[in-house]
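Hi,

Here is the structure I promised to pass on.

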Amino acid sequence: MTEQLRLMAVHAHPDDESSKGAATMAKYVSEGVDVLVVTCTGGERGSILNPKLQGDEYIEKNIHEVRAKEMDEAREILGVKQEWLGFVDSGLPEGDPLPPLPEGCFALEDVDEAAGRLVKLIREFRPQVITTYDENGGYPHPDHIMTHKITMVAFDAAGDPEKYPGTGEPWQPQKLYYNQGFNRPRTTALHEALLARGLESPYGEWLERWKDFEKRERTLTTFVPCADFFEIRDKALIAHRTQIDPDGGWFRVPMEIQKEVWPTEEYELARSLVETSLPEDDLFAGIRNN
């Protein structure tokens with residue numbers, strides 16, 4: 001294929017791009033693919049999850065600015081481009097019953113109107129492939145679910161000249177994937193590999209509670225080999241230092257075990273306008289050389 005390959009990854013908050021599909025993106029960047037991360041919100045209502053930074057007055061008062069700088073660092077590490085959609089973080093409501101979402105937040109936006117911003121970026125960047133979250137958001141954060149909704153609308157609308165006039169020339173992406181990196185087969189394989197080596201596993205509780213996160217098993221269609229980029233993934237994730245404890249569970253599986261036991265990142269093919277055969281090992285399968 002003589003035309004430049006382009007991948008767009010649509011995420012809810014800064015840090016999501018580094019915890020979901022980051023090694024895949026770094027791999028494609030190394031191959032000359034143009035990769036754009038679209039971040040829907042600024043992460044303004046995200047909690048400070050790194051215990052070493054909790055209680056820092058500057059961070060608490062300037063969380064939006066801090067998270068934007070973290071995103072800049074992660075973007076440089078991954079070698080991707082990045083754009084903000086400019087919506088306001090909805091926060092993760094907690095309690096029973098759940099409190100109402102804050103006024104003006106992303107999850108309360110009109111889906112069709114919000115999708116217009118993404119359509120504009122799709123028409124400007126012209127990706128053949130888009131990745132995002134499934135209908136459950138990967139986990140039920142309202143911003144993740146909203147990200148799914150606007151991406152589905154935008155994928156279908158971007159190529160329709162009747163939709164969203166004034167946002168650029170129509171462009172129809174060819175494939176849409178859901179990130180499925182947090183899947184049961186991978187988690188089970190790493191858990192069992194750790195135990196077999198006499199090591200402690202951080203996944204035992206995850207596996208016990210799995211049914212609370214997913215009502216059904218997802219279909220994994222695409223396994224992208226990207227073990228050589230796991231270190232870059234982790235470095236990008238650590239750049240989001242307000243969100244990630246470098247001594248936490250994310251990093252407790254030795255790198256050599258990760259690469260040996262599960263050297264891929266997984267996706268679920270949700271839409272394809274080109275012929276492809278499953279399972280795939282390339283998000284551009286059916287697009288390259290067509």
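**The second largest cavity, and the rest**

The second largest cavity has a volume of about 50 Å³. Volume here is the space filled by probe spheres set on the grid points, which are joined across faces, edges and corners. A cavity is a set of points, on a 1 Å grid over the protein atoms alone, where a 1.4 Å probe fits but cannot get out, and lining residues have an atom within 4 Å of a point. Searching the whole structure turns up two cavities of 30 Å³ or more.

Before going on, note that this is a predicted model: local features need pLDDT of at least 70, side-chain atom pairs count only at pLDDT 80 or more, and totals for chains, interfaces and linings use all residues. Residues are numbered from 1 along each chain as its sequence is written, and side-chain values use heavy atoms, with hydrogens and water left out.

Back to the second largest cavity: Leu7, Ala9, His11, Lys20, Gly21, Thr24, Met25, Thr131, Asn179, Tyr267 and Leu283 line it. By class, that lining has five nonpolar, five polar and one charged residues. The classes go like this: Ala, Val, Leu, Ile, Met, Phe, Trp, Tyr, Cys and Pro are nonpolar, Asp, Glu, Lys and Arg are charged, and the others, Gly among them, are polar. Which strand gives the most to the lining of the second largest cavity? That is β1, with three residues. β1 (6–11) and α2 (22–30) each supply at least two residues of the lining. Helices (H or I, at least four residues) and strands (E, at least two) are DSSP runs, numbered from the N terminus.

**The sheet**

Seven strands make an open sheet with mixed pairing, in the order β3-β2-β1-β4-β5-β7-β6. At its edges are β3 (81–87) and β6 (222–225), each of which pairs on one side only. Two strands pair if DSSP finds at least two bridges between them. Strands of a sheet pair through backbone hydrogen bonds, either parallel or antiparallel.

You can see both kinds here. β4 and β5 run parallel and are joined by four bridges, with Thr132 standing opposite Tyr178 in β5. β6 and β7 (residues 264–272) are antiparallel, over four bridges, and Val224 stands opposite Glu265 in β7.

Is strand β5 (residues 175–179) mostly covered or uncovered? Mostly covered: five of its five residues are buried. (Buried means under 20% relative accessible area, exposed over 50%, and partly exposed in between, with a 1.4 Å probe and protein chains only.) Lys175, Tyr177 and Asn179 point one way from β5, and Leu176 and Tyr178 point the other way. In a regular strand the side chains alternate between the two faces of the sheet. Asn179 is also one of the residues lining the second largest cavity.

**A few residues to look at**

His141 sits in the loop between β4 (129–132) and α6 (142–157). His141 counts as buried because its relative accessibility is 5%. Leaving aside neighbours within four places in sequence, His141 is in contact with His13, Asp89, Gly91 and Leu92. Contact means heavy atoms within 4.5 Å.

Asp112 is in helix α5 (residues 111–125). Its relative accessibility is 47%, so Asp112 counts as partly exposed. With neighbours within four places in sequence set aside, Asp112 touches Val153 and Tyr164. Asp112 and Pro14 are 98 residues apart along the chain, and their C-alpha atoms are separated by 23 Å.

Phe251 lies in the loop between α10 (230–239) and α11 (255–261). Again leaving aside neighbours within four places in sequence, its contacts are Asp234, Leu237, Ile238, Ile244, Asp245 and Pro246. Phe251 and Ile238 are 13 residues apart in sequence, and 9.8 Å apart from C-alpha to C-alpha.

Most residues other than glycine have a negative phi, and most peptide bonds are trans. Asp15, in the loop between β1 and α1 (16–19), has a positive phi of about 110° although it is not a glycine. Asp15 is buried, with a relative accessible area of 12%. Tyr164 also has a positive phi, near 50°, and belongs to the loop between α6 and β5. Finally, the peptide bond from Leu278 to Pro279 is cis, with omega near -5°; Pro279 lies in the segment after β7.

Cheers

Definitions and conventions
1 Å grid on protein atoms, 1.4 Å probe; cavity = no way out; pocket = protein on both sides within 12 Å on 5 of 7 lines; lining within 4 Å.
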